[in-house]
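Dear colleague,

Please find below the structure that I am handing over to you. My notes on a sheet and on aromatic pairs follow it.

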Amino acid sequence: MAFSLILSSPKPFSPSCNPNPNIPRSHILSNPWLSPPSSRFGLIPHLCCSSSVLLSKPWSRSGASRCSLQSRPEYIPNHIPDPCYVRIFDTTLRDGEQSPGATMTSKEKLVVARQLSRLGVDIIEAGFPASSPDDLDAVRSIAMEVGNQPVSEDGHIPVICGLARCNKKDIDAAWEAVRHAKKPRVHTFIATSEIHMQHKLRKTREEVVRIAREMVAYARSLGCQDIEFSPEDAGRSDRDFLYHVLEEVIKAGATTVNIPDTVGYTLPSEFEKLIADIKANTHGIENVIISTHCQNDLGLATANTLAGAYAGARQLEVTVNGIGERAGNASLEEVVIALKCRQELMGGLYTGINTKHIVMASKMVAEYTGLHVQPHKAIVGANAFAHESGIHQDGMLKHKNTYEIISPEDIGLSRSNESGIVLGKLSSVSGRHALKSKLLEFGYDINGKELEDVFKRFKEVAEKKKFTKTSQQILFWWQRVSDEDIEALISDEIFQPAVIWSLGELQATCGTLGLSTATVKLVASDGEEKIACSVGTGPVDAAYKAIDSIVEIPATLREYAMNSVTEGIDAIATTRVVIGGDDSHMSMHALTGEPIRRTFSGSGAAMDIVVSSVRAYISALNKMLGFMSAVKATRENPQGKTSRSSE
């Protein structure tokens, strides 16, 4: 059943303009959360309101409708031709990547950037180039490749953005990194709240205004036509001063003004009013895009972001899985799916995100950063589409709409059957074909050595999970390997840093009769093999000490965690470790400017918990060694002449 949308020019949101014709007008006026900001605050912000909307087949099982006009509008830095369209600004590679333990190598950042482009994000904030030579080089690589070559089905090329504090050195670094992209952007910021200006900046209001104005103008003078400005801690800033700062940067050439709730302090009603106040009281605001950046310290980042969009913001800053400083940021998947699922209550707002790539993006970010998603996480958590309660299961069997408001397939999630896949009497050729077909269901299109490696691991697990028919003691060459087992193996093979060292062989002994010992053989990238033996308080400790004696790089274990992928004694164990190095692994914090010591995460999977632990430790070491190598290379080549492939 088709439907259409006829857009008219935007007009003030009034009680007669009801975004959801299924809700009585009287109910909207009486409900403070459903009523428009104009009726609550005495203001008239402009929301998307079409002259005619014919509803059709719902996108979700809840009955939500969506605009038929789903094509992405032409990109104009300070204007969006379609007032219903909302830009998605992803800062996973900047704010998210600076979370403790989330350090990614340049190659990993490039791979994630490709996935973000495939996902359809409008702007990728690729990093903070001034923080380190390696970060500058990584952002430049992303600008050269992802910023020029489309990977999505619709040929979309995202804006590539670099963050900079309000000083010339930072802005120079950001522009040098992003200028190679087809659509480059510089994002500069300075604090505007009293507490930040007094205690962090130690500057007066007049000085802050002058710096903001001059640095936006400086970025324009370099040739950058797309400039975003953020008044840090806007949620706690004096309103009149905030309007003044924004007016000055708009005059200086800013095309987007971002309103950050830097410490996650505001409530949704407060943040909505903040956006509405800015729209109503800032001269020149109609000539720029208003953006939101909400932190999750009180668990309100997604709610505040949606409130900002409802009040008129048309760019939303988010991260995959909601990762970021402290408690994280607004979650991309939550914001996008909420807009899509409840579009009729959001005035017809829509994004250019291809939701079928959400699950893959979530898994990729989780594995590369080591920040795994909690099971009850909305949209992408392991339990998001699980139904264990008897009442829920009964309802699901009768009609899925009873407990699912969205379909898992809409976000790219393939739901396994109760027993998972079955590996039958397959030859090596048909086995590979069956496994490849299953991987395609998960969204992994792999070939060559990667497929061979996964297939080899798959057969090893299947062999260990085989069972005997006790009456005849006959081995049956078919085993049940769950989807979760396969995905753990994929993660352990694919989402890994460049191989500097790999595990050759491992032998460990432990118990109550003597010291635990471990013998480890590591294979270097050039094929050289090294063997070491050590003792420890347990087999994992002994193995780690043996590895340290081979690698000869100081590393401190900061975190260690292990989980079972499935139930049962034969479950695959996944291990995550976080390690730290010495003072050579330093970079600059984007907001404070203070030097921070980098930490590196690694993950591993195996049915043997010691093997799983060793794989995770080697993964983290490879990431640390890769980071050290990249820093050394950029210091030796300060011009950073990065190739487009960066591989």
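In these notes, a residue is called buried under 20% relative accessible area, exposed over 50%, and partly exposed in between (1.4 Å probe, protein chains only). This is a predicted model, in which local features need pLDDT of at least 70 and side-chain atom pairs count only at pLDDT 80 or more, while totals for chains, interfaces and linings use all residues. Residues are numbered from 1 along each chain as its sequence is written, and side-chain values use heavy atoms, with hydrogens and water left out.

Aromatic pairs

Rings of Phe, Tyr and Trp (its six-membered ring) pair if their centres lie within 6.5 Å; planes under 30 degrees apart count as stacked, over 60 as edge-to-face and the rest as tilted. By this rule there are three aromatic pairs. One of them is edge-to-face, because the ring centres of Y85 and Y350 are 5.3 Å apart and the planes stand at 75°. Both Y85 and Y350 are buried. In the pair of Y544 and Y617 the centres are 4.0 Å apart and the planes at 10°, so this pair is stacked. Y544 and Y617 are likewise buried.

The sheet

Strands (E, at least two residues) are DSSP runs, numbered from the N terminus, and two of them pair if DSSP finds at least two bridges between them. An open sheet is formed by three strands in the order 20-21-24, with antiparallel pairing. Strand 20 (556–564) and strand 24 (599–606) are at the edges with a single partner strand each, so one side of each has no neighbour in the sheet. Eight antiparallel bridges join strand 21 (residues 573–580) to strand 24. V577 has G602 in strand 24 as its bridge partner.

Yours sincerely

Technical notes: Helix = DSSP H or I, 4+ residues; strand = E, 2+ residues; numbered from the N terminus.
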